[in-house]
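Have the sequence and the model side by side.

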Amino acid sequence: MVSKICTGNYSAAYGSMRSRVRTVAAYPITPQTFIVEHISEFVNNGEMDCEYIEVESEHSAMSACVSASASGVRTFTATSSQGLALMHEILPIASGMRLPVVMAVVNRAIASPINIWVEHNDIMPERDSGWMQVFCDNNQEVLDMVLQAYRIAEDRRVSLPMTVCLDAFILSHTVEPVDLIEQADADRFVPRYKPTGPILDPDDVNAVGVFTPPDYVMECRWQTDKAMRSAVEVIGEVNAAFAKQFGRDHGGLIDPYMVDDADAVLITMGTASSTAHEVVDDMRAEGKKVGLVKLRFWRPYPMTEMRAIAEKVKAVGVFDRAVSFGVGGPSFIEFKSAVFGIDLPVLNFIGGLGGRDVSLADIRYMYDKLLDAAKTGEVRRDVTWVGTRGVSQ
Amino acid sequence: MKLKDLPDEELFTRGHTACAGCGAAIAVRNLMKVLGPNTMVVNPACCLLIFGATYPYLAWKVPFHHVAFENTAACATGMSRAMKVLGKDETLIMGIAGDGGTADIGIQALSGAAERNENMLYVMYDNEAYMNTGIQRSGSTPFGAWTTTTPVGKVKAGKSNFKKDMPLIMMAHNVPYVATASVGHIQDFIRKFEKAKSMKGFRYIQVFTPCPTGWRHDTAKTVEIAKLAVDTGMWTLYESENGKVTISKKPKMTPVAEYLKPQGRFRHMSEEDVKSLQDWVMKKWEADEKYAQCRQ
Ligand SMILES: Cc1ncc(C[n+]2csc(CCOP(=O)(O)OP(=O)(O)O)c2C)c(N)n1
Ligand SMILES: [Mg+2]
């Protein structure tokens with residue numbers, strides 16, 4: 001085992017190398033830039049046997065990945081924020097063609113105002129793109145999930161693209177000790193790439209992506225929907241296989257902590273989870289029954305798991321680092337839809353936008369409100385903006 | 001290769017749904033005969049996609065790929081690099097797009113791929129408007145032409161800008177091969193595709209392909225009109241091979257009015273507008289000739 005101090009960006013780049021990616025097409029954007037720089041170095045040092053395409057935009061990056069993948073080659077890319085928005089048109093094409101492209105997304109605020117710090121509003125418009133999306137909480141998880149992503153995405157039952165999300169700067173630029181998986185171990189975990197569907201091959205004439213009239217499209221959509229539902233099972237299997245081989249269990253769709261006997265739980269995505277974890281420990285020491293649900297997979301969404309939690313606890317809080325304007329946080333909206341018909345207070349907290357710190361005190365404030373709601377069973381205000389000047393403390 | 005020596009085998013077969021007299025269909029049928037079966041095709045949104053590849057039918061007898069509208073060169077890049085990885089880089093990767101998909105929305109990806117000297121042949125079939133969406137103007141539409149977005153109105157009629165000089169833009173990228181061709185000069189067309197096929201790196205051919213539906217001309221006159229474009233100087237046939245520019249055919253300098261006459265899209269043009277176009281043609285030819293002289 002080689003443990004090294006490295007950034008989340010290094011983890012992502014390293015993961016793509018260890019997964020034996022053969023084509024990378026990417027374009028730099030803060031805070032993702034180091035990923036493309038690291039990959040360029042791996043390639044130029046002969047450590048990574050890969051065609052690195054220095055495309056002129058993210059739109060072309062995703063286009064080149066789609067076509068390379070459709071030609072039967074394992075591909076990787078990475079982007080963030082504005083770059084992801086520019087790719088938007090091509091994302092559903094990757095999933096519609098059932099191509100297992102893997103992409104690291106360093107979540108950064110979307111303009112305007114232009115800002116380079118963490119926020120999840122960049123990826124929310126991609127919710128319905130047909131991509132699986134996992135949010136990471138530390139740099140080890142970033143590396144491990146890149147490897148897992150290929151196994152999940154390339155599984156015959158799934159055959160869908162996947163993003164591995166990491167919070168801007170908090171992970172992308174912060175160093176942590178990471179077990180840098182060795183090639184032989186990675187090879188045992190990520191099998192050689194075998195395309196699951198028809199590909200573009202000079203020796204076997206196929207067409208990929210033709211114009212399709214109404215007679216046939218519904219069935220394509222149904223198959224993609226089915227694949228996304230099948231992914232639930234595959235994600236569990238891959239996580240178990242990974243835990244068995246590497247001794248690290250990151251959880252499946254969710255990673256619950258102290259939930260079983262909790263009165264109130266908070267749902268978080270990305271690095272706010274670590275902060276909340278600490279608050280749970282502090283408050284448990286004070287005898288307060290609080291728990292945490294780290295929402296790892298945004299797609300497929302843990303419908304069943306969330307219902308089970310709602311049936312167990314007295315109040316649920318959802319922390320969103322994003323907002324659907326005029327309504328509330330996207331994760332909150334999703335949770336409410338998942339637990340439809342189960343009667344309990346569900347509070348939404350919006351915070352940490354544009355890179356604003358989410359402090360221990362912020363999280364404690366959320367838990368205090370949740371414990372109140374658990375006691376009274378009454379909901380006063382659904383959506384609370386946390387740490388917003390002129391609005392809240 | 002002579003026209004009569006082209007293989008009988010059709011790699012872009014009958015049964016496609018192009019309009020009668022479609023210049024693009026003539027170009028694709030013939031260029032595929034030259035390029036042969038070891039070719040893979042990327043094709044964006046445009047008429048050709050619809051008339052050649054609407055599920056469950058396919059006119060193409062080679063691997064065919066469509067992704068979106070503006071990314072032909074980027075997709076061809078992905079395919080080309082993938083073939084390199086797989087050790088199949090003897091296969092020719094051809095991106096083929098319309099003038100809109102090339103000169104307008106696709107120019108960024110095209111410029112990027114050219115600058116990187118990606119190993120591909122990029123073909124623009126130039127029917128001088130967005131035909132698939134119903135004849136809207138493009139950067140490649142000539143001055144004066146009626147389109148549905150340059151309609152003949154009471155205060156303005158036809159396109160007020162001149163045609164974008166894409167071949168020149170591509171030559172400025174210093175790629176191995178740039179050529180213009182025409183369905184009116186099929187022998188020259190065959191020679192240029194043969195040459196492109198024999199080379200490596202980034203190659204660009206822009207083919208002049210009249211569109212009877214959009215240009216409002218007799219469906220039997222596609223080839224005749226394509227010839228007139230060359231004779232009048234509206235379309236220069238030339239090529240640039242590793243930077244050396246050669247004029248393929250000198251225009252006769254037939255008055256531009258002869259070219260405009262059989263096409264409904266120019267019918268409304270005033271004498272003054274015809275003169276502006278004639279002046280533009282004279283200047284363009286002069287510039288093309290000088291350019292060829294200084295790139296020897
Ligand atoms: C991003 C995007 N914008 C617009 C369109 C609509 N569209 C499809 S084909 C087309 C015009 C194609 O024109 P051209 O490239 O000249 O090919 P032609 O149809 O004339 O052969 C347009 C505007 C699209 N498919 N995608
Ligand atoms: Mg056109």
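Does Ile135(B) count as buried or exposed? At 10% relative accessibility, Ile135(B) counts as buried; the cut-offs are under 20% relative accessible area for buried, over 50% for exposed and partly exposed in between, with a 1.4 Å probe and protein chains only. Its phi is near 65°, a positive value in a residue other than glycine. Ile135(B) is found in the loop between β4 (120-126) and α6 (166-171) of chain B.

This is a predicted model: local features need pLDDT of at least 70, side-chain atom pairs count only at pLDDT 80 or more, and totals for chains, interfaces and linings use all residues. Residues are numbered from 1 along each chain as its sequence is written, chains are lettered from A and ligands numbered from 1 in the order in which they are written, and side-chain values use heavy atoms, with hydrogens and water left out.

Now take chain A. It has twelve helices and 16 strands; these are DSSP runs, H or I of at least four residues for helices and E of at least two for strands, numbered from the N terminus. The radius of gyration of chain A is 21 Å, close to the 21 Å from the globule rule for 393 residues, so the chain is as compact as a globular protein of that length. That radius is taken over C-alpha atoms, and the rule is 2.2 Å times the number of residues to the power 0.38. The C-alpha trace spans about 70 × 55 × 45 Å along its principal axes. Buried residues make up 60% of the 393.

Next, the interface. Chain A brings 38 residues to the contact and chain B brings 37, where contact means heavy atoms within 4.5 Å. The area buried between the two chains is about 2900 Å², and carbon and sulfur atoms give 64% of it. Buried area is the accessible area (1.4 Å probe) that two parts lose on being put together, summed over both. On the chain A side, Glu51(A), Pro202(A) and Phe211(A) lose the most area to chain B, together 21% of what that side buries.

Last, the backbone. Most residues other than glycine have a negative phi, and most peptide bonds are trans. Arg98(A) has a positive phi, near 65°. Arg98(A) lies in the loop between α5 (91-96) and β5 (102-107). At 22% relative accessibility, this arginine counts as partly exposed. A cis peptide bond joins Thr30(A) and Pro31(A), with omega about 0°. Another cis bond joins Arg299(A) and Pro300(A), with omega about -5°.
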